[in-house]
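Subject: Structure handover

Hello,

Here is the structure, together with the sequence. Please open both before reading on. My notes follow below.

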Amino acid sequence: MFDQFALHERLLKAVAELKFVEPTPVQVAAIPPALEGRDLRVTAQTGSGKTAAFVLPMLNRLIGDAVVRTDVRALILLPTRELAQQTLKEVERFSQFTFIKSAMITGGEDFKVQAAVMRKVPDILIGTPGRMIEHLNAGTLVLKDVEMLILDEADRMLDMGFAEDVQRLVGECAKRQQTLLFSATSGGAALREMTASVLRDPLHLQLNRVSELNEGTRQQIITAENTEHKEKLVHWLLANETYKKAVIFTNTRVQADRLYGRLVAEGVKAFVLHGDKDQKDRKLAIDRVKEGGVKVLVATDVAARGLDIEGLDLVINFDMPRSGDEYVHRIGRTGRAGGEGLAISLICHNDWNLMSSIERYLKQRFERRVIKGLKGSYMGPKNLKASGKAAGTKKKKIEKKKGTEKKAKPAGKRPNGAKRESPSPVVSQDGIAPLKRKKPTAE
Ligand code: AMP
């Protein structure tokens with residue numbers, strides 16, 4: 001409920017009017033520290049509810065103050081006109097029961113009209129960096145009284161070449177008391193630099209697990225007949241792939257021990273980590289892998305939590321993780337700091353549907369790989385539903401409805417240039433990842 005936040009009653013009234021009932025995860029995480037005045041660095045995608053996460057604290061700051069304004073008090077910088085329009089709409093909806101005035105200035109619109117808007121001095125100004133700089137140069141924009149600065153989709157602004165403009169505008173807001181920086185991805189060195197120079201003692205909030213996936217990590221699947229077949233595949237991969245360090249994930253302790261036993265019997269130097277191992281074993285295993293004496297770790301998700309091993313470049317999912325988040329968590333460890341990584345999931349018939357829903361969650365299609373000489377009889381389901389899941393005989397009725405099915409939107413960048421084959425990955429209706437994710441299950 002939104003009344004858990006210390007928001008002004010007029011803002012809560014607007015929230016209720018908009019029929020927002022439950023705050024989204026990014027709102028739960030960001031609103032309280034923002035209300036306390038903290039600087040924030042938030043990774044969250046469009047669709048997560050991030051706009052309200054910064055608009056509500058911003059309005060709350062402006063609402064109570066009896067300051068006679070002479071200049072803009074809050075500035076929202078963002079990359080595109082479309083986003084500016086959406087954001088203005090959201091600001092207007094939330095401020096409907098207040099006297100707070102907002103305006104937007106972006107490229108592609110009449111400069112003089114905008115200058116006239118600026119003369120009326122809105123409390124909140126929303127806009128793109130290029131046009132703001134033009135107004136600064138023309139003397140039609142004054143930012144010296146800005147108290148709160150928001151950089152929305154900062155990663156995209158940098159990608160679009162706005163770094164210098166943003167830096168200059170930030171410099172103009174010299175008296176600001178609070179800065180919130182939002183980005184859809186964890187970004188690269190330029191974003192880190194900007195974060196360091198713009199934010200004061202920021203709180204980092206990472207709401208977007210998908211963004212942890214490294215672009216440099218190839219993601220593959222290999223179909224397998226059964227556990228024995230998977231074990232043979234693991235053995236082959238460890239013997240034939242080039243890697244510095246590898247982690248093999250299983251879903252159960254029993255399977256982790258069994259696989260570890262097989263590997264050791266085959267002469268592979270490995271360690272196993274799972275919930276039955278005590279802290280001493282865990283430390284020993286992690287240290288050995290870190291030092292490089294042991295290259296292979298067999299682990300369950302719970303045991304591997306918090307594991308941060310440098311140079312980890314091969315992840316094998318012996319079993320498919322039970323949720324998209326867990327998958328990202330496993331794979332997100334590879335290919336860090338721009339390095340290359342390889343993630344291979346071994347897929348039996350009972351892993352298929354899970355794999356297919358994770359593909360949809362990530363809006364990616366994994367590369368299909370076959371290892372010569374180790375091809376099994378199972379190559380995936382004979383018939384697939386539009387979702388990519390296995391089609392059972394009972395579900396035939398669905399075929400009839402095909403004409404009414406929603407068309408999938410094109411997926412984003414697929415790794416390795418992997419072509420999308422039939423079936424297309426289905427994205428949620430609005431093309432965004434759902435707000436609520438399935439909680440990762442314990443081992
Ligand atoms: P955003 O990620 O800020 O672009 O928001 C995505 C959409 O979700 C917008 O249409 C918001 O109005 C809506 N939205 C944001 N927060 C909530 C919420 N707590 N409950 C319902 N809808 C929301």
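In which sense do strand 5 and strand 6 pair, and over how many bridges? Strand 5 and strand 6 are parallel partners, joined by four bridges. Strands count as paired if DSSP finds at least two bridges between them. Helices (H or I, at least four residues) and strands (E, at least two) are DSSP runs, numbered from the N terminus.

Two points on the source. This is a predicted model, in which local features need pLDDT of at least 70, side-chain atom pairs count only at pLDDT 80 or more, and totals for chains, interfaces and linings use all residues. Residues are numbered from 1 along each chain as its sequence is written, and side-chain values use heavy atoms, with hydrogens and water left out.

**The chain overall**

The protein chain has 16 helices and 14 strands. Of its 443 residues, 50% count as buried. Buried means under 20% relative accessible area, exposed over 50%, and partly exposed in between (1.4 Å probe, protein chains only). Take the contacts in the protein chain with a separation of 6 or more: residues 24 or more positions apart account for 75% of them. A contact means heavy atoms within 4.5 Å.

Seven strands make an open sheet in the order 3-4-2-5-6-1-7, and the pairing is parallel. Strand 3 (102-105) and strand 7 are the edge strands, each pairing on one side only. From one strand to the next, the twist averages 15°. Angles run from 0 to 180 degrees between N-to-C directions, and axes are lines fitted to C-alpha atoms, for helices over the stretch in contact.

Helix 9 (residues 189-198) packs on this sheet. Helix 9 touches strand 1, strand 5, strand 6 and strand 7, and its direction makes about 165° with that of strand 6.

Now strand 5 itself (residues 148-151). M148 and I150 point one way, L149 and L151 the other, and all are buried. Strand 2 (residues 74-77) runs parallel to strand 5, with four bridges between them. A74 has M148 as its bridge partner, and L77 has L151. Towards strand 6, L149 stands opposite T179.

Helix 1 (residues 9-17) and helix 3 have axes that come within 10 Å and cross at roughly 145°. R10, L11 and V15 of helix 1 meet L56, L59, N60 and I63 of helix 3. The residues of this contact divide into five nonpolar, one polar and one charged. Here Ala, Val, Leu, Ile, Met, Phe, Trp, Tyr, Cys and Pro count as nonpolar, Asp, Glu, Lys and Arg as charged, and the others, Gly among them, as polar.

Helix 2 (residues 25-35) has V26, Q27, A30, I31, P33 and A34 buried. Their cover includes strand 1 (40-43), helix 3 (50-63), strand 6 (178-183) and strand 7 (203-206).

Most residues other than glycine have a negative phi. V121 is not a glycine, yet has a positive phi of about 50°. V121 sits in the loop between helix 5 (111-119) and strand 4 (124-127). V121 has 17% relative accessibility, so it counts as buried. E153 also has a positive phi of about 50° without being a glycine. The loop between strand 5 and helix 7 (154-159) holds E153. E153 is buried too, with a relative accessible area of 6%.

Seven strands form an open sheet in the order 10-11-9-12-13-8-14, with parallel pairing. Strand 10 (270-273) and strand 14 (367-368) each have a single partner strand, so one side of each lacks a neighbour in the sheet. Strand 8 (residues 217-223) and strand 13 (residues 341-347) pair in parallel over seven bridges. T223 stands opposite I347 in strand 13.

Helix 11 (residues 253-265) packs on this sheet and touches strand 9 (245-250), strand 10 and strand 11 (296-300). Its direction makes about 165° with that of strand 11. Helix 14 (residues 324-331) also packs on the sheet, touching strand 8, strand 9, strand 12 (312-317) and strand 13. Helix 14 makes about 145° with the direction of strand 12.

Best wishes
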